[in-house]
Amino acid sequence: MAFHIFLLVIGFLLLLKGADILVDGASNIAKKFNIPEIVIGLTIVSIGTSMPEMIVSTASALAGHSDMSIGNIVGSNLVNLLLILGLCAMVKPLIFKKETKWIENFIALFVALTLLFLGNNSIGNNMITRKEGIFLLFLCILFFIYNIVMAKKGNQFDDEALVIFEDKKKISTLKSTIAIIIGIVALKFGGDFVIDGATYIAQVFGISEKIIGLTILAISTSLPELITSVTATFKGETDMAIGNIIGSNIFNILLIIGVSAVITPIEYSLSYNKDLMILIGASTLFVLFPFIGKKDQMTRVNGALFVTAYIIYMINLVMSNL
């Protein structure tokens, strides 16, 4: 038991550090080749902080632990939305940009609804098939294109862009590439360690894979989003905090479940409908925040509401499975 707990801790650390190294290396490559900062934030940072979920969910699917694979994604999205954004809003009210208010929030809600539909459609017999995985990846590509188009239409590439790229000659492409490789390797082994440790502990204590996925794996693989978003909020970069979470939630479903389903069809347990409905409800409320109360803001009260909702959700989850 002690060895598997140690394995779990080492896996968490590798996931966290691997994601950090990967994001730094990818960001430097982007800066080196003059990719705008907003594209880096909405794509590279979001995908980078979602890499732990990618590794864990893919490894779980390949190992035949579909409950853990789906649970990790649904649980991580709940952690991201309710806990992390809630904490960020409690630190400092989050300001919604126009495109986030009218487009990105609705995309995140649509993606959550899409997962619910795919998991419950009669055609796939409660399986997310390879064809459906390809469909999710197609939507992911469209989201990439949207980010690029919106970035090019942005108005913050003037002075800010000059500051970002003025030292690009000092950035080593080789070192950045090596950092990306090291990050991926760390994530790979970290994911393996977490899966092995969590599976063993679940079996010893008779805990279902669903609970492990929704709790331990979900919180641990969301640590990169937590650190990135809270740090950004403390620095006053609230739009980065919102963008990181929204982007991660979208990529978690479209990219990660899409890739996992293409590799091997994922069995969807109908018991996840309740958790997905909570995610959809929270996403709907998040869509409404800019239109109710203080205009274009997620206030401290809103944040406290989200954090409280997550605590209640966790207590109910644990109590119902004792």
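**Chat on helix α11 and its surroundings**

Trainee: How are α11 and α12 oriented to each other?

Mentor: Roughly antiparallel, a label for angles over 145 degrees, with under 35 as roughly parallel, 65 to 115 as roughly perpendicular and the rest oblique. This is a predicted model, where local features need pLDDT of at least 70 and side-chain atom pairs count only at pLDDT 80 or more, while totals for chains, interfaces and linings use all residues. Residues are numbered from 1 along each chain as its sequence is written, and side-chain values use heavy atoms, leaving out hydrogens and water.

Trainee: What are the angle and the axis distance for α11 and α12?

Mentor: The angle is about 175 degrees and the axes are 12 Å apart. Axes are lines fitted to C-alpha atoms, for helices over the stretch in contact, and angles run from 0 to 180 degrees between N-to-C directions.

Trainee: Which residues meet there?

Mentor: From α11, Lys274, Asp275, Ile278, Ala282, Leu285 and Phe286; from α12 (residues 300-319), Leu305, Phe306, Tyr313, Asn316 and Leu317. Contact means heavy atoms within 4.5 Å.

Trainee: Which residues of α11 are buried?

Mentor: Asp275, Leu276, Leu279, Ile280, Ala282, Ser283, Phe286 and Val287. Buried is under 20% relative accessible area, exposed over 50%, partly exposed in between (1.4 Å probe, protein chains only). Down the axis of α11 these residues fall within an arc of 165 degrees, so they line one face of the helix; the arc is taken from the directions from the helix axis to the C-beta atoms.

Trainee: Switching topic, is Lys101 buried or exposed?

Mentor: Buried, at 9% relative accessible area. Lys101 sits in α4 (residues 98-120). Beyond neighbours within four places in sequence, Lys101 contacts Phe96, Phe106, Pro290, Phe291, Lys295 and Asp296.

Trainee: How many helices and strands are in the chain?

Mentor: There are 12 helices and 4 strands, taken as DSSP runs (helices H or I, at least four residues; strands E, at least two) numbered from the N terminus.
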